[in-house]
Amino acid sequence: MTGTTTLRRALLTGAATTAALVVLFPQAAQAGGMDPVEVLPYERVVINDEFVMGLLPEGEQNYVVSSPDSFEEDVEAAKGYPGSSINPDSISAGVYGVDGEIVLLEGAWRLDEGVPFIAVTPEGQGWGYGAQPVLLEEADGWGTYYFDPARWAVEGVDTYTITASGPDGEVFDEIEVSLDF
């Protein structure tokens, strides 16, 4: 009974304990994601020292991932782009790698009802980590996500499976990504 009570208490505390859950109960990470971050159009979302993200209201599922130094320039350029325009109930994925290792996973999601749970599972591992969903304020039905492997001390991985589940827990899309596309 103590284990159940501890798990329930940890699950109710939100994103702050997600890291602890992954360490204590790695299989629990596959079931959910992190609390969404809601941003204004063109607002800078810091992923890490190397990458930032911004969501745009122009186009369909339009967003940028860039270096902090080129963010404003990249946002201005993206204002003229049509965006990702992904299908309903699906996700897209982008991969950044250095020396044969994935250093960032990112993408967009489109789901009519709610925010998806996006799990990122390293190749050869039986459980995944929650990706960070990002929403554009007052824009329903789409958003982005990112996963920084260094934040979770995941090293030496060049292939991941990205699984998106709706609020009901039903998987609606899954993508395998690799540096060997």
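In the predicted model, strands β2, β3 and β4 form an open antiparallel sheet of 3 strands, arranged in the order β2-β3-β4. The edges are taken by β2 (45–46) and β4 (62–66), each of which has a single partner strand, so one side of each is left without a neighbour in the sheet. The pairing of β2 with β3 is antiparallel and extends over 2 bridges, with Val 46 opposite Val 52 of β3. A hairpin of 5 residues joins β2 to β3. Helix α4 (residues 71–78) lies across β3 and β4 and runs at about 155° to β4.

Strand β3 is largely enclosed by the rest of the structure, because 5 of its 5 residues are buried. Val 52, Gly 54 and Leu 56 point one way from the strand, whereas Met 53 and Leu 55 point the other way; all are buried. Gly 54 lies in β3 and counts as buried because its relative accessibility is 0%, against a cut-off of under 20%. Leaving out residues up to four places away in sequence, Gly 54 touches Glu 43, Tyr 63, Val 64 and Phe 71. The C-alpha atoms of Gly 54 and Leu 135 are separated by 10.0 Å, although the two residues are 81 apart along the chain.

Leu 135 belongs to strand β10, where Pro 133 and Leu 135 point one way, Gln 132, Val 134 and Leu 136 point the other way, and all are buried. With 5 of 5 residues buried, β10 (residues 132–136) is therefore largely enclosed by the rest of the structure. Strand β10 pairs with β1 (residues 37–39) in the parallel sense over 3 bridges, and Leu 136 is the bridge partner of Val 39. The pairing of β10 with β11 is antiparallel, again through 3 bridges, and Gln 132 has Tyr 146 of β11 as its bridge partner. These two strands, β10 and β11, form a hairpin with 5 residues between them; in its turn, Glu 138 has a positive phi of about 65°.

The largest nonpolar core has 21 residues, and those with the most contacts inside it are Leu 105, Trp 109, Ile 118, Phe 147, Val 154, Tyr 160 and Ile 162. At least two residues of this core come from each of β7 (101–110), β8 (117–122), β11, β12 and β13 (171–178). A second, separate core of 15 residues includes Val 45, Met 53, Leu 55 and Ala 108. In soluble globular proteins, nonpolar side chains tend to be buried together.

Aromatic pairs number 5 in the model. In one of these pairs, the ring centres of Phe 147 and Tyr 160 are 5.9 Å apart and the ring planes are at 65°, so the pair is edge-to-face. This pair links distant parts of the chain, with Phe 147 in β11 (residues 142–147) and Tyr 160 in β12 (residues 159–165), 13 residues apart. Both Phe 147 and Tyr 160 are buried. Apart from its neighbours within four places in sequence, Phe 147 is in contact with Leu 104, Leu 105, Val 120, Tyr 129, Gly 130, Ala 131, Trp 152, Val 154 and Tyr 160. Elsewhere, the charged end of Lys 79 sits over the ring of Tyr 42, 4.4 Å from the ring centre.

For the chain as a whole, the model has 4 helices and 13 strands. Of its 181 residues, 43% count as buried. Among contacts between residues at least 6 apart in sequence, 55% join residues at least 24 apart.

Methods. Residues numbered from 1 in each chain as written. Predicted model: local features only at pLDDT ≥ 70, side-chain atom pairs only at ≥ 80, totals over all residues. Heavy atoms only, no water. Phe/Tyr/Trp six-rings, centres within 6.5 Å; stacked < 30°, edge-to-face > 60°. Buried < 20%, exposed > 50% of the residue type's maximum accessible area, 1.4 Å probe, protein only. Lys NZ or Arg CZ within 6 Å of the ring centre and 35° of its normal. Core = buried A, V, L, I, M, F, W, Y, C linked by side-chain atoms within 4.5 Å. Contact = heavy atoms within 4.5 Å. Pairing = 2+ DSSP bridges. Axes fitted to C-alpha atoms, helices over the stretch in contact; angles between N-to-C directions.
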